[in-house]
Amino acid sequence: MPYVVEAETRARNLAIHGRILSLKQDPDYLHYKTTWPGFTTGVPGSPDIKEEEKPTEQHSSSDDTEQLLRHYFSLKHNAAELYELWSQNDLNFRKKAPKFTGIRIMSQDAWETLIGFICSSNNNISRISQMVHKLCRYYGPLIGHIGEEPFHDFPGPQALMGKGVESQLRELGFGYRAKYIAETARLVSEEKPRGWLESLTNPKNPGFGAEEDPELGRATYKEAHEQLLTLSGVGPKVADCVCLMGLGWGEAVPVDTHVWQIAQRDYKFGKVKTKTFSKAMYDSVGDHFRKIWGDQAGWAQSVLFTANLKSFSDRSIAKVEVDEVKVKIEDTVSETPDVLKTPKPRSPRKRQVTALETVKVEEIGTASGTITRSKRRRLQST
DNA sequence: TACAACCCTGTATG
DNA sequence: ACATACAGGGTTG
């Protein structure tokens, strides 16, 4: 069965878990290179990681990056099997979804996911990405450089809590979300018990590096969702995004305007006179999808969501089919950073695309990997 | 339960 | 050209 891949894959750099990763994908492999800070004992989230002379590379014997990537892209799940399951239980999915492969739910850091999706309300992907990038640049600990470009990890709750934070974030263009971020940071840092957010993790799907913590993950999905609603700027949709992508709850189904329209159009959820739908209706939609799609309902939702986007409706044209391609080891990939014209990543987690030096080739699996958002002309209806 | 208001940016429409 | 409207994976009071 041929893979369907983007015709061109560019290397992407991102700060994650206290290191810089350079990622590149081809039909068979995800290639990665790890750049560690000179000083590797620092904890991500603490603001005092110092960079020393040149970033050093760690050797694979003690490198947990492959494990990190398998977790980050949720590679333990078999996409083909799940698509088959969803298709058998749902004729609408069977009709619309098969072309949209390569979509995966990521497992990102819970705190970063939370703040990232607070930024997402009534907002567009491009600006969300810029906002997350600004949070890292202005408040996050420096990990190191790739060329001239500095890479910062995502700032912890303490760093986003100060009194000046809200006004500064407003100046940085965060709008009304500035208050939500500062207030949520204060709540998590001071009002909630230590480790509160992590304790909402799905025990069957623990976060990276937290496998052995017995204190973690006593909650159920519904409890986790309910708890998140106590934060500022977190409604049912954002709470489900955090449950799904930050806390390992595969059954979480974020219901936004698009999914609500899909539910009404394709799943017999009655048309309603009101502009906004109620919390009861929100829960009802999620419950219905959980019933027909099962414990990875959030993934199925994401596939249908993507299939429903106009900007992806010509996906089959934008792709090329490849039967088999040999793995290439590229010594250098030069690329001129072009912030304005580079398609923005779909995930608010990704930071920047820059030049890559050397690529260490390692197999980490044959999953089709992430999608990137194409900057196609958007055809507005009505 | 039902809105308007909320920050800001890009796109469509007149 | 320039104004106005509206969407953009919502939440709050």
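Q: Why are H11 and H12 called roughly perpendicular to each other?
A: This is a predicted model. In it, helix H11 (residues 279-293) and H12 pack at an angle of about 100 degrees. The band for this label runs from 65 to 115 degrees. The angle falls inside that band, so H11 and H12 count as roughly perpendicular. Their axes are 9 Å apart.

Q: How do you know that H11 and H12 meet, and which residues are involved?
A: Contact requires heavy atoms within 4.5 Å. On the H11 side, Phe 289, Arg 290 and Trp 293 take part. They meet Ala 297, Ala 300, Gln 301 and Leu 304 in H12. By class, the residues of this contact are five nonpolar, one polar and one charged.

Q: What angle do the axes of H2 and H12 make where they cross?
A: The axes of helix H2 (residues 79-89) and helix H12 (residues 297-308) cross at roughly 80 degrees. They come within 11 Å.

Q: Which residues of H2 meet H12?
A: Ala 79, Leu 82, Tyr 83 and Trp 86 do. Their partners in H12 are Trp 299, Ala 300 and Val 303. The contact of H2 with H12 has seven nonpolar residues, no polar ones and no charged ones.

Q: What makes E2-E3-E4 a sheet, and in which sense do the strands pair?
A: Three strands form an open sheet in that order, and the pairing is antiparallel. The edge strands are E2 (12-16) and E4 (30-35), as each pairs on one side only. Neighbouring strands are turned by 25 degrees against each other on average, direction ignored.

Q: How do you know that E3 and E4 pair?
A: Pairing takes at least two bridges. Strand E3 (residues 19-25) and E4 have six, in the antiparallel sense. They therefore pass the test. As an example, Leu 23 stands opposite Tyr 32 in E4. Helix H1 (residues 65-72) packs on this sheet and touches E2, E3 and E4. The direction of H1 makes about 65 degrees with that of E3.

Q: What makes E5 and E6 a pair?
A: Strand E5 (residues 142-146) and strand E6 (residues 149-152) share four bridges, antiparallel in sense. Leu 142 stands opposite His 152 in E6. His 145 has Pro 150 as its bridge partner in E6.

Q: Which residue takes a positive phi in the hairpin of E5 and E6?
A: Gly 147 does, with phi near 65 degrees. The hairpin has two residues between its strands.

Q: How many residues surround DNA strand B, and which are the closest?
A: There are 11, and the closest are Arg 127, Arg 170, Tyr 176, Arg 177 and Thr 274. Sugar and phosphate make up 66% of the atoms of DNA strand B that come within 4 Å of the protein. The residues of the surface near DNA strand B comprise one nonpolar, six polar and four charged.

Q: What is 2.5 Å from an N or O atom in the side chain of Arg 170?
A: A phosphate oxygen of DNA strand B is. The cut-off for a polar contact is 3.5 Å, so this pair counts as one.

Q: Where do Arg 127 and Arg 177 stand against that cut-off?
A: An N or O atom in the side chain of Arg 127 is 2.8 Å from a base oxygen of DNA strand B. For Arg 177, a polar side-chain atom lies 2.7 Å from a base oxygen of DNA strand B. Both values are within 3.5 Å, so both are polar contacts.

How values were computed:
Residues numbered from 1 in each chain as written. Chains lettered and ligands numbered in written order. Predicted model: local features only at pLDDT ≥ 70, side-chain atom pairs only at ≥ 80, totals over all residues. Heavy atoms only, no water. Near = heavy atom within 4 Å. Polar contact = N/O pair within 3.5 Å; in protein donor to acceptor, adjacent residues only side chain to side chain. Nonpolar A, V, L, I, M, F, W, Y, C, P; charged D, E, K, R; others polar. Axes fitted to C-alpha atoms, helices over the stretch in contact; angles between N-to-C directions. Parallel < 35°, antiparallel > 145°, perpendicular 65-115°, else oblique.
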